[in-house]
Amino acid sequence: MAKPSKAYVCQSCGAVAARWSGKCAACGEWNSLIEEAATPTQSPALVAIKGGKGRQTRFETLNAKTEDAPRLKTGIAELDRVLGGGLVPGAAVLVGGDPGVGKSTLLLQTAAELAQDGAPVIYLSGEEATAQVRMRAARLGIAEAPVALGTETNVANIIATLSSGPPPALVIIDSVQTLWSEGIESAPGTISQLRGCSAALISYAKASGTTVILVGHVTKDGQIAGPKVIEHMVDTVLYFEGLSGHQFRVLRSVKNRFGPTDEIGVFEMRLEGLAQVDNPSALFLNDADRGSPGTAVFAGMEGTRPILVEIQGLVAQSVLGTPRRAVVGWDQNRLSMLLAVLEARCGVRLGGHDVYLNVAGGLRLTEPAADLAAAAALLSSFTGRAAPEDTVYFGEVSLTGAVRAVGHTDQRLKEAAKLGFVQAVAPASKGPGEREAAGIALNPVSQLDELVAWFALPES
């Protein structure tokens with residue numbers, strides 16, 4: 001009998017190599033190649049038609065009537081917002097996040113809410129014993145919820161158990177890295193096991209109409225392990241974010257076939273579990289810091305939700321040969337670009353200063369519209385002049401020093417007016433409609449040096 005061939009598969013990106021090496025040639029990850037059974041080398045065309053004669057496929061037109069996907073409300077409004085209105089029957093959802101961020105807590109609370117509403121829910125824990133899960137449920141005050149709890153990790157046994165009775169409304173697998181199949185010759189958590197076990201559970205979900213939620217581990221770079229294998233297979237990918245030392249958690253949608261992406265839900269970690277935050281803007285603003293040099297309020301958008309967050313900047317004379325540049329909650333490259341524009345286009349000499357930038361509250365910003373607020377915070381710290389407490393900032397800064405327009409201006413202004421702000425520094429608008437609708441004064445700027453000139457003016 002021929003000896004089965006082996007291959008080395010990267011556990012980060014899924015690339016296959018003929019021999020082991022310390023670094024993956026595809027993604028550059030170190031020590032990620034694991035020996036696994038090689039896939040058949042037969043021609044894909046021959047494999048595709050090996051099953052015999054196929055049947056004709058039925059086609060439809062683009063204007064055919066399509067019913068909206070039904071939604072199953074979880075009872076947690078912030079989670080429903082991120083999902084696009086609730087769980088879709090037959091969908092596969094992947095939830096990732098750092099260890100201890102609250103993934104299991106959130107999903108256990110979700111399971112309890114649905115079970116108390118009469119929906120059959122199954123929670124399968126592959127990393128914790130049933131006693132540990134029951135202790136968490138007792139701490140959260142949901143021990144009486146009729147959730148079916150198990151600890152099975154063999155995917156064949158799981159599907160056989162689920163298929164033996166009426167399909168449940170929701171199945172939670174915590175986590176997918178613990179699943180294994182007897183037909184795959186590799187350890188649990190490897191790319192082959194992840195691909196095979198996930199495909200089996202997704203097929204069951206599509207055939208039965210059961211919603212399946214898979215919990216995924218993250219790598220040291222903050223990505224879900226095996227992203228090219230898992231993320232492309234599921235319908236929705238959610239990331240649970242939170243900085244150590246902060247009690248706030250952000251659930252972010254990065255892929256959703258049934259709703260918008262980049263939507264966020266905000267939670268607060270308490271002793272009794274995760275609590276929803278109905279007004280995140282008020283949460284991320286600190287009245288004690290506002291009015292001090294080096295702070296500016298950014299009116300941003302997270303998905304369809306406007307949110308106000310405080311950006312803090314500190315510019316100090318450096319005693320080092322190479323000044324420090326540190327940023328928390330924002331892109332380091334974006335800060336470097338903004339500093340270069342301030343020096344080259346506006347004449348603000350920051351080359352001999354240490355620069356620190358922080359997004360208060362532990363929120364991570366990815367929107368380019370935060371450029372103007374970050375510049376205002378840095379200029380306020382550099383000049384020692386505090387930005388007005390009743391002003392918000394938003395706008396993208398280009399390499400030429402121009403302030404470019406951003407979307408959803410009316411929503412940003414309405415959120416600012418709701419929280420008591422009376423004016424906004426933003427890109428120049430072509431018409432007064434948005435300004436009048438929001439009930440807030442708009443101070444338009446077209447070049448970054450206009451903002452620099454305002455902070456350079458002596459205080460009256």
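Colleague: Among contacts in the protein chain between residues at least 6 apart in sequence, what percentage join residues at least 24 apart?

Modeller: The figure is 67%, where contact means heavy atoms within 4.5 Å. Please note that this is a predicted model, in which local features need pLDDT of at least 70 and side-chain atom pairs count only at pLDDT 80 or more, while totals for chains, interfaces and linings use all residues. Residues are numbered from 1 along each chain as its sequence is written, and side-chain values use heavy atoms, with hydrogens and water left out.

Colleague: How many helices and strands does the protein chain have, and what percentage of its residues count as buried?

Modeller: There are 13 helices and 21 strands; helices (H or I, at least four residues) and strands (E, at least two) are DSSP runs, numbered from the N terminus. Of the 460 residues, 48% count as buried. Buried means under 20% relative accessible area, exposed over 50%, and partly exposed in between, with a 1.4 Å probe and protein chains only.

Colleague: Is S175 buried or exposed, and what does its side chain contact?

Modeller: S175 is buried, with a relative accessible area of 1%. Its side chain makes a polar contact with the side chain of E127 at 3.0 Å. A polar contact is a pair of N or O atoms within 3.5 Å; within protein, one must be able to donate a hydrogen and the other to accept it, and residues adjacent in sequence count only if both atoms are side-chain atoms. Leaving aside neighbours within four places in sequence, S175 is in contact with G126, E127, V215 and H217.

Colleague: What is the order of the open sheet formed by 7 strands?

Modeller: The order is β15-β16-β14-β13-β17-β20-β21, again with mixed pairing. Its edges are β15 and β21 (441-445), each with a single partner strand, so one side of each is left without a neighbour in the sheet. Strand β20 (residues 423-427) pairs in the parallel sense with β17 (residues 391-393) over 3 bridges; T391 is bridged to Q423 and Y393 to V425. Strand β20 also runs parallel to β21, joined by 5 bridges, with N443 of β21 as the bridge partner of V425. Because 4 of its 5 residues are buried, β20 is largely enclosed by the rest of the structure.

Colleague: How does one read the faces of a helix, and which residues of α11 are buried?

Modeller: An α-helix has 3.6 residues a turn, so residues three or four places apart point the same way. In α11 the buried residues are T409, R412, L413, E415 and A416. They fall within an arc of 160° seen down the axis, so they line one face of α11; the arc is that of the directions from the helix axis to the C-beta atoms. Helix α11 (residues 409-418) lies across β13, β14, β17 and β20, at about 130° to β13.

Colleague: Which residues of α9 are buried, and which are exposed on the other side?

Modeller: L335, L338, L339, V341 and L342 are buried in α9, whereas N333 and A344 are exposed on the other side. At the N-terminal end, D331 caps α9, with a side-chain oxygen 3.3 Å from the backbone nitrogen of N333.

Methods: Two strands pair if DSSP finds at least two bridges between them. Axes are lines fitted to C-alpha atoms, for helices over the stretch in contact, and angles run from 0 to 180 degrees between N-to-C directions.
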